[in-house]
Amino acid sequence: MRALIKKFKPALNGLALAAHDRSVAIQLGFAVLAGLVGLGLGFVFWEWALVITLAALVITAEILNTAIERLCDFVQPRQDDRIKTIKDLAAGAVLCASLAALIVGGMIVIRHLIR
Ligand SMILES: Nc1ncnc2c1ncn2[C@@H]1O[C@H](COP(=O)(O)OP(=O)(O)OP(=O)(O)O)[C@@H](O)[C@H]1O
């Protein structure tokens with residue numbers, strides 16, 4: 001059990017660090033908002049499963065994006081086209097996950113509203 005806790009400690013520390021990042025905090029805010037909408041509209045089991053999965057996907061992408069940004073700033077604090085490409089790719093991953101969450105979330109909400 002001790003070994004297991006020791007193994008997860010860095011990951012839990014990573015989550016605590018991520019929660020203090022502005023971009024991650026914004027995505028967490030959107031996830032809470034989606035949860036409130038779900039409660040208000042009375043989401044069923046599969047809708048919660050989708051919303052939770054997509055929210056976790058977006059937050060995971062944002063945490064990885066933040067980690068990549070920090071690594072880039074550490075390796076190259078100056079303007080560099082290669083850093084721009086790397087950071088833009090990481091930001092693109094967040095956008096991709098966010099669009100999927102927005103579209104699927106929108107479909108679920110519309111389904112409730114037109115019933
Ligand atoms: N060292 C750099 N060289 C070239 N372009 C950069 C560099 N740093 C940032 N950029 C450009 O600016 C964009 C934003 O980068 P930045 O690190 O400010 O991220 P951000 O999205 O504002 O994140 P956060 O708000 O979490 O700091 C990048 O996607 C990239 O296009």
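**Colour by confidence.** This is a predicted model. Colour the chain by pLDDT: the mean is 96, and 100% of the residues reach 70 or more. Select helix α1, residues 2-19, where confidence is lowest, at a mean of 90. Confidence is highest in α3, at 98. For the complex, the predictor gives an ipTM of 0.92 and a pTM of 0.91.

**Select α2 and α3.** Show residues 22-41 for α2 and residues 45-75 for α3. How far apart are the axes of these two helices? They are 9 Å apart, and the packing angle is about 175°. Angles over 145 degrees count as roughly antiparallel, so α2 and α3 are roughly antiparallel to each other.

Now show the side chains at this contact. On the α2 side, pick S23, V24, Q27, L28, A31, A34 and G38. They meet E47, W48, V51, A55, V58, I59, E62, I63 and T66 of α3. By class, the residues of this contact between α2 and α3 are 10 nonpolar, 4 polar and 2 charged.

Helix α4 spans 81-113. α3 and α4 pack at about 170°, with 9 Å between their axes. That angle makes α3 roughly antiparallel to α4. Look at how the two pass: the crossing of α3 with α4 is left-handed. The contact of α3 with α4 has 21 nonpolar, 3 polar and 4 charged residues.

**Centre on the ligand.** Select the residues that surround the ligand: S23, T66, E69, Q76, Q79, D80, I83, K84, K87, D88 and A91. Which helix gives the most to the shell around the ligand? It is α4, with 5 residues. Both α3 and α4 supply at least two residues of the shell. Colour the shell by residue class to finish: 2 of its residues are nonpolar, 4 polar and 5 charged.

Terms used:
Residues are numbered from 1 along each chain as its sequence is written. This is a predicted model: local features need pLDDT of at least 70, side-chain atom pairs count only at pLDDT 80 or more; totals for chains, interfaces and linings use all residues. Axes are lines fitted to C-alpha atoms, for helices over the stretch in contact, and angles run from 0 to 180 degrees between N-to-C directions. Helices (H or I, at least four residues) and strands (E, at least two) are DSSP runs, numbered from the N terminus. Angles under 35 degrees count as roughly parallel, over 145 as roughly antiparallel, 65 to 115 as roughly perpendicular and the rest as oblique. Two residues are in contact if their C-beta atoms, placed from the backbone, lie within 7 Å. Ala, Val, Leu, Ile, Met, Phe, Trp, Tyr, Cys and Pro count as nonpolar, Asp, Glu, Lys and Arg as charged, and the others, Gly among them, as polar. A residue is near a molecule or strand if its C-beta atom, placed from the backbone, lies within 6 Å of it. pLDDT is the predictor's confidence in each residue, from 0 to 100. A crossing is left-handed if the near helix is turned anticlockwise from the far one by less than a right angle, and right-handed if clockwise.
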